[in-house]
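Here's a quick briefing to read alongside the model. Have the sequence and the 3D view open as you go.

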Amino acid sequence: MSVQQYVREWTEQPVRNVLAGMVGTFALIPEVIAFSYVAGVAPEVGLFASFVISIAIAITGGRPGMISGAAGSVALVAADLVHGHGLQYLLLATLLAGGMQVLFGLLRLQSMMRFVSREVATGFVNALAILIFSAQIPQMLHVTWHTYALIALGLAIVYLLPRLSTAVPSPLICILVLTGISLAVPMPIHVVADLGALPTGLPHLTWPQVPLSWSTFQIVLPYAFAMAMVGLLESLMTATVVDELTDTHSSKRMECTGLGISNIFVGLFGGMAGCGMIGQTVGNLRYGGRGRLSTFTAGAFLLLLLVAMHRFVAQVPVAALVAIMIMVSISTFSWSSLRELVAHPKLSSTVMLATVVVVVLTHDLAAGVGCGVLLNGLFFSFQVMKLVQVRAEDTPDGTTRTYHVRGQLFFASTSVLTDAVDFQGPAKNVVIDLADAQLWDISAADTLEKTATRLEGRGKTVTILHADARAAKLLATLGHPNLLA
């Protein structure tokens with residue numbers, strides 16, 4: 001990335017980016033508090049983490065306009081560690097997770113994201129939209145009619161105001177208007193203060209108060225690795241979605257190292273590890289936050305709200321935040337994918353639906369994406385296997401039979417070759433022609449070798465023709481280079 005591009009990412013449309021970042025801050029607060037409770041830590045741990053991550057990744061990250069913070073997927077991984085060993089062990093795990101993420105980026109392992117297909121990415125987005133919406137349901141149960149009225153008014157402001165003017169993001173107006181109404185007309189509603197105690201001071205540098213022994217690392221390392229991988233997965237998936245929404249490119253490697261550096265700072269300031277948050281990111285993009293300044297503002301404004309405007313934030317109606325998050329969930333969901341369920345191949349639709357179902361049932365984005373990638377790999381292997389063809393051709397005198405193999409031979413398709421070979425036929429000479437075939441793994445080479453051995457065991461002469469360099473290398477690895485003609 002050039003210096004000019006980096007500077008441009010900070011300076012383009014500053015007013016729009018600042019306002020969008022402020023909206024992102026209000027979208028962060030309720031979810032971060034909720035995720036803190038999921039992880040079993042105080043709200044300030046998640047809120048301070050979101051502040052530090054936003055500031056640090058705005059500087060070091062590779063995807064401008066992406067909001068990062070204390071996310072639910074990482075909180076689910078951290079919960080068992082906190083409940084079993086306490087907050088200090090979580091801080092050490094956060095430091096280690098950050099180090100692993102930096103190493104991940106330096107080793108250029110972000111290319112593994114290429115295995116995440118479009119179907120999996122669509123399922124990821126749709127599942128996240130469902131989770132965002134379902135997270136608002138508890139705030140709409142066992143409440144008075146005043147809450148429903150404020151939510152309806154908030155949705156009307158969010159969707160109708162942009163038709164009149166887009167100078168100020170409508171969610172920000174929604175928050176100001178609904179807060180003003182609730183202060184002017186007292187009513188029985190929930191406010192942000194009811195979600196949990198908010199911090200009033202500044203974060204400070206700290207170090208995990210745990211014994212730095214091998215037994216400690218044995219406890220922490222598995223959680224740190226899981227937190228690192230889940231955080232990377234969600235951040236890279238979010239960055240990919242932003243790339244598509246904005247028709248721009250980002251540095252995934254820089255995003256990995258930036259996230260790692262950010263989480264190291266988070267651990268040093270007493271926070272829990274975080275990652276990209278697609279719901280807040282989509283909301284940020286929707287209102288023009290496409291530069292680094294929007295990400296920086298989301299973190300800086302969060303600290304300002306918590307310290308200087310603590311009392312105002314505490315009085316913001318939860319209904320206003322629910323209205324904004326409903327809008328974000330609707331915007332996040334890929335509605336075109338519902339039409340594509342019928343138009344696309346059944347296997348592709350199955351991968352997308354499986355990703356959604358697993359994420360919704362487990363509330364684990366990594367599990368859903370892992371399931372989708374696994375299914376996609378299996379279905380792809382099945383489709384490639386069906387393309388393998390073996391055609392037998394005999395010489396007029398019947399002494400030689402040639403098997404013309406076409407397609408990709410790998411662990412899932414080698415059975416097509418063995419099933420086509422007649423081991424008990426009268427032909428004394430057998431030729432396996434690989435001119436239109438490629439061997440991809442040891443399984444394919446092993447099958448070829450065993451097929452030749454079985455034929456030779458019946459007194460036949462076996463010749464393998466037109467094998468490429470890869471096939472020769474694989475057979476040599478197995479100790480059978482002489483099979484090739």
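Let's start with Ser50: leaving aside neighbours within four places in sequence, Ser50 is in contact (heavy atoms within 4.5 Å) with Val32, Ser68, Gly69, Ala70 and Leu302. Ser50 sits in helix 3, residues 43–60, and is buried at a relative accessible area of 0%. Keep in mind that this is a predicted model, where local features need pLDDT of at least 70, side-chain atom pairs count only at pLDDT 80 or more, and totals for chains, interfaces and linings use all residues. Residues are numbered from 1 along each chain as its sequence is written, and side-chain values use heavy atoms, with hydrogens and water left out.

**Ground rules for the terms**

- Buried means under 20% relative accessible area, exposed means over 50%, and partly exposed is in between (1.4 Å probe, protein chains only).
- Helices (H or I, at least four residues) and strands (E, at least two) are DSSP runs, numbered from the N terminus.

**The overall picture**

- The protein's secondary structure comes to 20 helices and six strands.
- Its C-alpha trace spans about 100 × 55 × 50 Å along the principal axes.
- Of the protein's 485 residues, 52% count as buried.
- Among contacts in the protein with a separation of 6 or more, 84% come from residues 24 or more positions apart.
- The protein exposes about 21500 Å², with carbon and sulfur atoms supplying 65% of that; accessible areas come from the Shrake-Rupley method with a 1.4 Å probe, and for residues only the protein chains shown count as cover.
- As for charge, the mean positions of the 26 positive and 26 negative charges are 4 Å apart. Lys and Arg count as positive and Asp and Glu as negative, while His and the chain ends are not counted; each charge is placed at NZ of Lys, CZ of Arg, CG of Asp or CD of Glu.

- Gly274 lies in the loop between helix 10 (252–268) and strand 2 (275–276), and it is buried, with a relative accessible area of 1%.
- Not counting residues up to four places away in sequence, Gly274 touches Ile53, Gly69, Ala70, Ala71, Leu259 and Asn263. Gly69 and Ala70 also turn up in the Ser50 list.
- Gly274 and Val102 are 172 residues apart in sequence, and 14 Å apart in space from C-alpha to C-alpha.
- Why is helix 11 (residues 278–286) called largely enclosed by the rest of the structure? Because eight of its nine residues are buried.
- The buried residues of helix 11 are Ile278, Gly279, Gln280, Thr281, Val282, Gly283, Asn284 and Leu285.
- Gly288 follows helix 11 and has a positive phi, near 90 degrees.

**Salt bridges**

- Side chains of opposite charge can pair when their charged atoms come close.
- The structure holds eight salt bridges, each being a side-chain nitrogen of Lys or Arg within 4 Å of a carboxyl oxygen of Asp or Glu.
- Arg118 pairs with Glu340, and their closest N and O atoms are 3.3 Å apart. This pair links distant parts of the chain, with Arg118 in helix 6 and Glu340 in helix 15 (residues 336–343), 222 residues apart. Glu340 counts as buried at 18% relative accessibility.
- Asp394 forms a salt bridge with Arg401, with the closest N and O atoms 2.7 Å apart. Asp394 is partly exposed at 42%, and Arg401 is partly exposed at 23%.
- Arg406 and Asp436 form another salt bridge, with 3.6 Å between the closest N and O atoms. It links distant parts of the chain: Arg406 is in strand 4 (residues 400–409) and Asp436 in strand 5 (residues 429–439), 30 residues apart. Arg406 is partly exposed at 45% relative accessibility, and Asp436 is partly exposed at 41%.

**Out on the surface**

- Leu103, Leu107, Leu109, Met112 and Phe115 form a nonpolar surface patch, with about 530 Å² of accessible area together. Patches are made of residues with over 30% relative accessible area and no salt bridge, joining like charges within 9 Å and nonpolar side chains (Val, Leu, Ile, Met, Phe, Trp, Tyr) within 5 Å.
- Is Phe115 buried or exposed? Phe115 is exposed, with a relative accessible area of 63%, and is found in the loop between helix 5 (87–106) and helix 6 (118–136).
- Leu338, in helix 15, counts as partly exposed at 44% relative accessibility.
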